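Biologist: Hi, could you walk me through this model? I'd like to go topic by topic.

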There are 2 protein chains.
Amino acid sequence: MPSLPASEIRALCFDVFGTVVDWYGSVQAEVQRLGLPLGANGGGDFALAWRAGYAPAMQDVRSGALPWTDLDGLHRRILDRLLAERGVVLAEAQAAEFNRVWHRLQPWPDSVAGLTRLKQRFTITTLSNGHVALLLNMAKNAGLPWDTVLSAELFGHYKPDPEVYLGAARLLGLRPAQVMMVACHPGDLRAAAACGLRTAHVARPLERGPGGGMEAWQPGEFDVAAEDFVDLARQLGATLEHE
Amino acid sequence: MPSLPASEIRALCFDVFGTVVDWYGSVQAEVQRLGLPLGANGGGDFALAWRAGYAPAMQDVRSGALPWTDLDGLHRRILDRLLAERGVVLAEAQAAEFNRVWHRLQPWPDSVAGLTRLKQRFTITTLSNGHVALLLNMAKNAGLPWDTVLSAELFGHYKPDPEVYLGAARLLGLRPAQVMMVACHPGDLRAAAACGLRTAHVARPLERGPGGGMEAWQPGEFDVAAEDFVDLARQLGATLEHE
């Protein structure tokens with residue numbers, strides 16, 4: 001990492017869905033646990049469809065077609081539409097429980113170990129379009145050791161709007177160049193870089209399931225390119241005290 | 001705690017200055033460490049004067065006489081006035097470092113142990129008039145294991161304005177009755193109770209130094225009255241896994 005002044009970086013902001021937790025596998029497992037009749041690819045196709053509704057739903061907020069709506073609300077709108085399209089009727093309690101699967105997503109195998117190392121050296125926080133309550137529930141459930149939870153909700157804007165990245169730096173009391181955005185999504189990182197943040201790409205080849213592929217990025221486009229969070233910790237010089 | 005449905009409580013919101021950390025002793029120690037000529041009671045009198053400027057400064061924000069100003073800004077205004085009154089001139093770098101003592105306040109001896117127990121059972125967060133950056137720096141420095149950091153800054157209002165307590169419950173995704181405010185200041189707890197939060201008083205008899213006394217409260221006025229955070233954990237049924 002010769003070009004990166006790691007000593008200048010004080011805080012790492014993490015994208016969450018896909019970067020820290022495995023939404024595809026978690027939704028798939030929930031379809032099976034609840035025995036829902038949504039089983040193509042064991043629920044994987046439904047996970048992809050649910051997630052695919054997310055960007056358009058945020059765009060409805062961004063355009064003003066919808067007032068500010070948190071992710072529970074957006075996920076439920078998409079869920080209701082997808083169930084109707086498939087002619088599946090769930091009892092309200094079951095639909096509500098299924099919608100909360102986004103609070104119970106499971107971390108990638110390296111997430112907790114990597115975050116624990118990175119926390120020794122940096123302030124580590126979410127910077128997610130998930131709302132604060134969702135992120136807190138997820139952290140308690142999955143054992144994610146955040147120093148704090150920052151969310152699009154605090155800024156009234158969804159990523160990739162610049163208000164989110166600049167708002168995070170402001171709340172952290174840091175210049176944008178002292179903050180590194182960590183994500184598996186190149187678009188998130190490009191928007192952060194446009195605000196002056198440093199960037200770390202983490203490969204999550206299974207985000208969309210086996211064979212789902214990753215969005216393309218250019219070699220050298222980001223300050224760091226890491227295989228996973230443990231690799232990111234190694235590259236940023238963050239180790240456990242006994243290592 | 002027969003009257004308190006502890007099982008309903010999901011999150012604990014902590015006042016910080018005085019409740020979690022010892023501002024009197026920490027400012028006193030800093031006066032001595034920096035060798036500042038502010039030494040009555042070893043710096044204790046200066047700590048009291050600095051803290052006494054805090055409520056009027058927040059009132060200037062509340063009344064609109066000052067625009068929103070974070071605690072670094074308010075502390076610095078008070079500091080500059082107090083130094084001028086005493087005819088003490090500090091170099092800018094030293095004044096700035098001294099002003100940051102509020103980021104480096106030391107916890108009471110039971111704080112980390114009690115919070116660690118309480119975190120096993122509840123979401124634990126700050127709910128302080130300190131800004132997010134200050135609270136994060138303090139947590140990293142003192143080893144305070146918050147799940148997240150909530151601050152008056154997020155609501156554009158200082159405690160005891162109701163926007164702070166209601167805003168915290170909203171961000172936590174909880175009803176006010178599922179949230180307990182923990183503080184050593186009766187006024188903070190009364191304002192929280194007026195918003196529907198549950199309340200825990202923790203005695204901090206040394207907050208204003210030896211013999212400084214505590215603000216009065218009525219027996220039974222709050223849902224819980226605890227000696228310290230370990231006692232609070234015991235009363236709320238929060239223990240470590242190996243206990």
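Biologist: What should I know before we start?

Modeller: This is a predicted model, where local features need pLDDT of at least 70, side-chain atom pairs count only at pLDDT 80 or more, and totals for chains, interfaces and linings use all residues. Residues are numbered from 1 along each chain as its sequence is written, while chains are lettered from A and ligands numbered from 1 in the order in which they are written.

Biologist: Thanks! How many residues of chain B are in contact with chain A?

Modeller: 14 residues of chain B touch 14 residues of chain A, where contact means that the C-beta atoms, placed from the backbone, lie within 7 Å.

Biologist: And which element gives the most on the chain B side?

Modeller: That is α7(B), with 5 residues. The elements giving two or more residues to that side are α7 (132-142), β5 (148-151) and α8 (162-172) of chain B. Helices here are DSSP runs of H or I with at least four residues, strands are E runs of at least two, and both are numbered from the N terminus.

Biologist: What classes do those chain B residues fall into?

Modeller: They divide into 9 nonpolar, 3 polar and 2 charged. Ala, Val, Leu, Ile, Met, Phe, Trp, Tyr, Cys and Pro count as nonpolar, Asp, Glu, Lys and Arg as charged, and the others, Gly among them, as polar.

Biologist: Switching topic: what is the strand order in the chain B sheet?

Modeller: It is an open sheet of 6 strands in the order β5-β4-β1-β6-β7-β8, with parallel pairing; strands pair if DSSP finds at least two bridges between them. β5 and β8 (224-226) of chain B stand at the edges with a single partner strand each, so one side of each has no neighbour in the sheet. The twist averages 25° from one strand to the next.

Biologist: How many bridges join β7(B) and β8(B)?

Modeller: Strand β7 (residues 198-202) of chain B pairs with β8(B) in the parallel sense over 3 bridges. There, B:Ala200 stands opposite B:Val224 in β8(B).

Biologist: Back to helices: at what angle do α1(A) and α2(A) cross?

Modeller: The axes of α1 (residues 23-34) and α2 (residues 44-52) of chain A cross at roughly 125° and come within 8 Å. Axes are lines fitted to C-alpha atoms, for helices over the stretch in contact, and angles run from 0 to 180 degrees between N-to-C directions. That makes α1(A) oblique to α2(A): under 35 degrees is roughly parallel, over 145 roughly antiparallel, 65 to 115 roughly perpendicular and the rest oblique.

Biologist: Which residues meet there?

Modeller: A:Trp23, A:Tyr24, A:Val27, A:Gln28 and A:Val31 in α1(A) meet α2(A) residues A:Gly44, A:Phe46, A:Ala47, A:Trp50 and A:Arg51.

How values were computed. Two residues are in contact if their C-beta atoms, placed from the backbone, lie within 7 Å.
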